[in-house]
Amino acid sequence: MKTAEASVASSKSGSGSPDGTKGAEVESTADGRGGTADRNMSIANWQYHNPVKVVSAPGAIGEIGVHVPYERVALVTSAGFTRRGIVARIQEALGSHLVAVLDDVKPNPDLRDIDAQSARLRELRPDALLALGGGSSMDTAKALARSLTQPESFTLTAHFRDAQPLAPAAALPVVTVPTTSGTGAEVTPFGTVWDFEKKRKYSVTGEDLYSAVAILDPELTLGLPEETTISSGLDAVSHALESAWNRNASPITLALVAKSLQLSLTALPRLKTQPGDVTARSAMQQASLLAGLAISQTRTALAHSISYPLTTAFELPHGIACSFTLPVLLNFNAGADDGRLQDLARACGHASIAGLEQGLKEMFMHLRVGAIFARYVGADREVLALTGEMFTPGRADNNLRAASREDVAGIVQASLELMRESGAAEKK
Ligand SMILES: [Fe+2]
């Protein structure tokens with residue numbers, strides 16, 4: 001079993017990095033729990049660029065034609081949106097400009113499925129893609145946007161497995177309409193695709209994979225099932241924290257992260273008991289957006305790096321896989337804090353990083369994260385056997401505090417204990 005990752009970089013940007021941001025200088029503090037704004041000001045070397053136009057409007061679907069000024073649009077979504085009548089509303093709004101409806105996107109999209117979808121769409125010659133759904137729909141649309149401007153002989157499978165080269169062509173424009181709150185893919189320049197046969201995870205990435213427009217309609221998130229609400233919401237929490245303890249952090253990303261966490265740490269627990277709370281749904285949509293803007297610059301770090309083999313091995317939902325280590329990782333990264341994590345804890349209403357760590361653990365208990373985790377994941381020894389696969393280049397090395405294999409094993413072991421405490425089955 002091996003999990004690995006590679007990137008399809010933009011021919012325009014010429015780089016797998018979304019913006020070429022340089023790593024920030026990080027000062028370690030003597031006690032590891034520093035906490036002054038002065039230290040944060042030591043992050044002096046940074047850039048910020050995100051070109052996505054964001055429109056937030058309840059009921060935006062009915063007016064979507066205003067934001068999709070293309071002649072031949074292909075809708076990329078999953079079957080549930082056809083069943084619930086959302087696709088019909090889009091067909092009505094776009095009329096003859098909607099030339100294809102691809103509604104067979106599956107969770108954790110596999111690159112062979114995307115190649116088949118690409119072959120079907122190619123004949124219809126779309127000039128733009130409209131992604132409606134959660135991260136899987138947006139990831140699929142980005143991968144299709146990349147594929148469809150390549151020569152007919154191009155496949156993602158051949159590209160990733162056999163290094164088939166990429167021709168210099170910009171991706172098709174993508175309009176994103178997120179219906180979950182967590183992935184942030186509506187404002188990031190990367191998408192995740194999987195090769196489950198080979199047990200590998202890949203990214204398509206590049207400046208030209210930023211959405212042309214991201215449309216937020218909180219009404220679309222009202223019917224989300226509980227497990228999807230929790231899993232996607234925890235993905236947003238993970239993005240915020242991973243962007244905070246990240247070597248690429250900047251004053252802008254840290255400000256985005258603080259606001260994102262303030263929103264999610266209040267709204268997500270509320271949605272467990274009040275799933276129809278529109279204010280909380282809207283807050284989670286904003287939290288996801290803000291964390292997405294932050295990781296569009298910093299990318300993610302060790303929690304995501306640890307998550308990938310768990311998803312390929314157990315099909316553990318991404319939001320659970322990338323969040324179950326967060327309280328332990330917060331404690332771990334506190335050892336290299338330059339003041340930013342202390343400031344973040346205070347911004348979230350805690351006197352200390354330890355207080356924020358405890359707050360995260362209590363939220364896990366309330367959400368019974370461990371009960372979801374246990375439905376997918378095998379025995380501890382099976383998880384710990386994957387430790388060597390948990391160092392994804394471009395993720396693990398973003399982490400504020402460098403981690404050894406022994407560190408990761410300890411982090412995973414402690415997190416497995418936390419999963420049991422937060423609702424998992426008895427120790428296996
Ligand atoms: Fe994520």
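Two residues are in contact if their C-beta atoms lie within 7 Å.

**Figure 1. Overview of the predicted model.** The structure shown is a predicted model. The protein has 428 residues, and 54% of them count as buried. Its elements are 17 helices and 9 strands. Take the contacts between residues at least 6 apart in sequence: 82% of these join residues at least 24 apart.

**Figure 2. The largest nonpolar core.** This core holds 117 residues. Leu75, Val76, Leu129 and Val257 touch the most other members. Helix H9, residues 278–298, gives the most to the core, with 10 residues. Both domain 1 (41–49 + 226–421) and domain 2 (53–221) supply at least three residues each. In soluble globular proteins, nonpolar side chains tend to be buried together.

**Figure 3. Close-up of valine 76.** Neighbours within four places in sequence are left aside here. The contacts of valine 76 then include the leucines Leu102, Leu129, Leu130 and Leu144. Val105, Ala131 and Ala141 also touch valine 76. Ser137 and Thr140 complete the list. Valine 76 is itself one of the core members that touch the most others.

**Figure 4. Helices H8 and H14 side by side.** H8 covers residues 251–273, and H14 covers residues 353–367. Their axes lie 9 Å apart and pack at an angle of about 20°. Angles under 35 degrees count as roughly parallel, so H8 and H14 are roughly parallel to each other. Their crossing is left-handed. On the H8 side, the meeting residues are Leu265, Leu268, Pro269 and Lys272. On the H14 side, they are Gly359, Met363, His366 and Leu367. An α-helix has 3.6 residues a turn, so residues three or four places apart point the same way.

Figure 5. H12 runs over residues 326–334. Of its 9 residues, 8 are buried, so the helix is largely enclosed by the rest of the structure. The buried ones are Leu326, Pro327, Val328, Leu329, Leu330, Phe332, Asn333 and Ala334.

**Figure 6. Aspartate 343 in helix H13.** H13 spans residues 340–347 and contains aspartate 343. Is aspartate 343 buried or exposed? A residue is buried if 20 or more other C-beta atoms lie within 10 Å of its own. Aspartate 343 has 21 such neighbours, so it counts as buried. Isoleucine 353 sits 10 residues away along the chain, and the two C-alpha atoms are separated by 8.6 Å.

Conventions: Residues numbered from 1 in each chain as written. Predicted model: local features only at pLDDT ≥ 70, side-chain atom pairs only at ≥ 80, totals over all residues. Core = buried A, V, L, I, M, F, W, Y, C linked by C-beta atoms within 7 Å. Buried ≥ 20, exposed ≤ 12 C-beta atoms within 10 Å, placed from the backbone. Helix = DSSP H or I, 4+ residues; strand = E, 2+ residues; numbered from the N terminus. Domains from an automatic or database assignment. Axes fitted to C-alpha atoms, helices over the stretch in contact; angles between N-to-C directions. Parallel < 35°, antiparallel > 145°, perpendicular 65-115°, else oblique. Left-handed = near helix turned anticlockwise from the far one by under 90°.
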